[in-house]
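This report describes selected features of one structure. Please have the sequence and the model at hand while reading.

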Amino acid sequence: MELILKYFPELTGDQISKFKKLETLYQDWNLKINVVSRKDIDELYLRHVLHALAIAKVLKFKTGSKILDVGTGGGFPGVPLAILFPECSFHLVDSIAKKLKVVNEVVEGLGLTNIKTTHSRVEDIKDTYDFIVSRAVAAMPTFVHWVKGKITKPQNHDLKNGILYLKGGDLREELQDYKTATIYNISDFYTEDFFETKKVVHLPLKYRG
Ligand SMILES: C[S@@+](CC[C@H](N)C(=O)[O-])C[C@H]1O[C@@H](n2cnc3c(N)ncnc32)[C@H](O)[C@@H]1O
């Protein structure tokens, strides 16, 4: 938990208490339904919470923003972001129901009211969002195809509406067709070795897709 406060020192008491509760909730639920690997559960704050919050180092979502988390799995990056941005609404989608069972239990356990979950393939989601976040779901061309047409038109942020994707390694080949993509090195925000090769990719998307 100190790790989170090291990089996000301005959390409110309510946010700190929610972040603290996350560990027990995930430990308990992960025993029943395995959504996070054993090693990762031991390093939940580093590998999941802090990693998810790297998106907030790239962009502070404004009050009222709508954000879609595609392939949220056990709730990453959506759950930590929803704690950090209580004035924004988050829609967490996954095609595997049992993963959302864990997310729903965590959301209920924390009393988070700004998360909605849907068991669906993202291609079937009809709503629109300011930003679409994700981690470890699909290569960019497939992902862009899935989320086409799901971006709202009004621009309220310094970055254009679109995708904020947590990715790792050498992205040159994967992103070669996306000239408007910007890569942010997470190691510019966090000093832990775990983040050495990790990035946040911002890709603006046209509102009509
Ligand atoms: C490797 S997991 C990553 C989970 C989470 N984002 C994380 O980083 O911990 C990929 C997730 O994407 C989901 N997924 C894959 N394709 C999807 C699609 N088309 N629509 C919704 N979810 C999808 C899978 O069910 C799985 O839970």
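Does A136 count as buried or exposed? A136 counts as exposed, because it has 11 C-beta neighbours inside 10 Å. A residue is buried if 20 or more other C-beta atoms lie within 10 Å of its own, exposed if 12 or fewer, and partly exposed in between, with C-beta atoms placed from the backbone.

## Basis of the model

The model is predicted: local features need pLDDT of at least 70, side-chain atom pairs count only at pLDDT 80 or more, and totals for chains, interfaces and linings use all residues. Residue numbers start from 1 along each chain, as its sequence is written.

## Two loops

A136 lies in the loop between β4 (131-135) and α7 (140-147). Helices (H or I, at least four residues) and strands (E, at least two) are DSSP runs, numbered from the N terminus. The phi of A136 is near 55 degrees, a positive value in a residue other than glycine.

Another loop, between β1 (66-70) and α5 (78-84), contains P77. F76 and P77 are joined by a cis peptide bond, with omega about 10 degrees.

Buried residues in α4 include H48, L50 and I55. At L50, α4 bends by about 35 degrees, the angle between axes fitted to the seven residues ending there and the seven starting there.
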